[in-house]
Amino acid sequence: MAVVLSLLARATPLPVPGLRAWVGGAWLVFVALLLLGLRDWIPPIASITLGNGALVLAYIVWLAGSAWHFGQRIDFRFWLAIWAVVLAVVTWFAYGAPSFRARVVIVAGLCAYIGIYHAYFLLRHPRATSRFGKSIGITLTTSWLGLLAAVYGLRALHASILPQGNSGLLTQDAIQIIYTSCFTICNLMLVIGFATMASDYVRALIEERSIRDPLTGAFNRLALRESLEREHSHSLRSQQKFCVVMVDVDHFKKINDEHGHLVGDRVLVHLCERMQTLVRSRDVVARFGGEEFVIVMLDTSLPEALQAARRILSEATHLGDTSLPSFTISLGLAEWSVEDGSIDALVSRADAALYAAKVKGRNRLEIAENPVPSGPPPVALTPT
Ligand SMILES: Nc1nc2c(ncn2[C@@H]2O[C@H](COP(=O)(O)OP(=O)(O)OP(=O)(O)O)[C@@H](O)[C@H]2O)c(=O)[nH]1
C-alpha cells in the first residue's frame with residue numbers, strides 16, 4: 001500500500017498538499033508491522049519500542065498530512081511530546097516492569113484517540129465540504145478512521161479486562177486473527193481514502209482552472225457562456241430579467257506603456273477584486289479578454305442593475321493603499337429582453353453601449369438600446 005501511494009504521489013500532475021505526509025505515514029505503518037512481526041528474531045528494543053513508536057508516529061504523520069491538505073498545521077511539539085512519553089512508557093513496560101497488557105492498553109488507546117481526533121478534524125473542517133457536499137475521499141477516510149479507532153479501542157479494552165487480551169496480535173487464536181485482519185483492512189482502506197482525497201483535490205483544481213482566468217481569478221469565457229446560456233433559458237421560461245454589464249479599463253495601453261505590463265496586470269487583478277466585492281456573491285464576474293470584463297447580474301432588473309453599475313463606476317477604481325496608478329473605467333449595460341434572440345445579441349448590445357461610453361469621453365456608463373425585434377419571437381428551450 002505504501003508503494004502504491006508513493007507511485008500515485010509521483011504520478012499526480014499537480015502537487016497535492018499533505019500527500020507526502022500520507023505517503024510517509026504509509027511507510028511508517030509498513031516499518032511498524034515489520035518490526036512488530038519480527039518480534040522473535042530481533043531485539044525487543046527494536047521490535048517493541050521502535051515498532052510501537054513507528055505505529056504511533058504513522059498516525060500522527062497522517063494527521064499532519066490531513067492538516068496540511070487543508071492549509072493548516074498540527075501542533076507538532078505537542079504530538080511529538082506525547083509520542084516521546086508513550087515511547088518511554090512502552091520501553092518501561094518492556095524492560096523495567098514487563099507487561100504486555102499495559103503496552104497494548106497504552107498504544108492501542110493512543111492510536112484510537114488519534115484516529116477519532118483525525119476523523120473529527122476531517123468531518124468538521126469547513127473546506128472539507130465543497131459545493132457538491134463531502135468528497136468521496138473524505139467520506140471514505142473518515143469512515144475507515146472511525147472503524148480503525150473502534151478496533152483499537154476494542155483492543156485496548158479487551159487487553160485490559162479479558163485474559164485472552166493479554167496475547168500478542170501474532171498469536172494464532174481466533175480473536176487475534178480477527179484483530180490482525182481488521183487492522184490490515186482498515187490501514188489499507190485508509191491509504192485508499194488518502195489516495196482518493198488526493199485525486200479529488202487534483203480533479204477539483206483542474207475543474208476550477210478550466211473555468212477561471214489564471215491572472216485575475218475571474219470566470220473565463222467558457223464559464224461566462226455557460227452562465228449566460230443558463231440565465232437566458234431560465235429567463236425565457238420565467239420572464240425573470242437579468243442584466244449584462246461590460247466593463248473596460250480606459251486607456252489601458254497607456255498604463256502598460258508608462259508603468260509596464262506587470263503593473264498593468266496588477267491593475268486588472270485589483271479591478272476584478274473590487275468588482276467582486278461590489279456585486280452580489282452569486283453574480284458572475286468574468287474576464288472577456290484583455291482589459292475587458294463582463295458582469296452577469298442574475299435576477300436583476302434594469303433599475304437595480306443601474307444602481308450596481310453606478311457603484312462599480314465610482315468605487316471599483318478606488319486604489320486603497322495600493323501603489324497602483326490611478327485609472328478609470330467605462331461601462332455598457334444591457335437588460336435581457338425576450339427579443340434578444342441569443343446571448344450573443346445581448347452581449348453585442350452591452351458592447352455597443354460600452355463603445356458609446358468610450359466615444360462620449362470614457363469614465364462613464366451607457367445603457368444599451370432596446371433590441372430591434374426581428375422575425376418570430378424566440379421559442380422557449382423547455383415548455384413553460
Ligand atoms: N498588462 C496586461 N495588458 C494586457 C493584457 N491583455 C491585454 N492587454 C493590453 O491591453 C491593451 C488594450 O489596449 P486598447 O485595446 O488599445 O485599449 P485601451 O488602451 O484601453 O483604450 P480604450 O479601451 O479605447 O480606452 C493592449 O495594449 C494589450 O496589450 C493583460 O493581461 N495584461
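View 1. Strands β4 and β5 run antiparallel and are joined by 5 bridges. Strands (E, at least two residues) and helices (H or I, at least four residues) are DSSP runs numbered from the N terminus, and two strands pair if DSSP finds at least two bridges between them. The bridge partner of G289 is E292 in β5. The hairpin has 2 residues between its strands, and G290 takes a positive phi near 50° there. Residue numbers start from 1 along each chain as its sequence is written. Because this is a predicted model, local features need pLDDT of at least 70 and side-chain atom pairs count only at pLDDT 80 or more, while totals for chains, interfaces and linings use all residues.

View 2. The order of the 5 strands is β4-β5-β3-β6-β7, with mixed pairing. β4 (284–289) and β7 (365–367) stand at the edges with a single partner strand each, so one side of each has no neighbour in the sheet. On average, neighbouring strands are turned by 20° against each other, direction ignored. Helix α8 (residues 221–238) packs on the sheet and touches β4 and β5 (292–297), its direction making about 125° with that of β4. Axes are lines fitted to C-alpha atoms, for helices over the stretch in contact, and angles between N-to-C directions run from 0 to 180 degrees; contact requires C-beta atoms, placed from the backbone, within 7 Å.

**View 3. The pairing of β3 with β6.** β3 and strand β6 (residues 329–335) pair in the antiparallel sense over 7 bridges. C243 stands opposite E335 in β6.

**View 4. The shell around the ligand.** The ligand is surrounded by 16 residues, of which F252, K253, H261, G264 and G290 are the closest; a residue counts when its C-beta atom, placed from the backbone, lies within 6 Å. β3 (243–249), α9 (252–259) and α10 (261–278) each supply at least two shell residues, and α10 gives the largest share, 4 residues. By class, the shell has 4 nonpolar, 5 polar and 7 charged residues. Ala, Val, Leu, Ile, Met, Phe, Trp, Tyr, Cys and Pro count as nonpolar, Asp, Glu, Lys and Arg as charged, and the others, Gly among them, as polar.

**View 5. The domains and the annotated spans.** The domain assignment, automatic or from a database, gives domain 1 (2–211) and domain 2 (221–367). Their centres, taken over C-alpha atoms, are separated by 51 Å. Residues 240–370 are 44% helix and 22% strand. The UniProt entry lists residues 21–38 and 135–154 among those for "transmembrane region". Residues 21–38 are 94% helix, with end C-alpha atoms 26 Å apart; residues 135–154 are 95% helix, with end C-alpha atoms 29 Å apart.

Note on methods:
UniProt positions renumbered as here; feature names shortened; annotations may be inferred. Contact = placed C-beta atoms within 7 Å.
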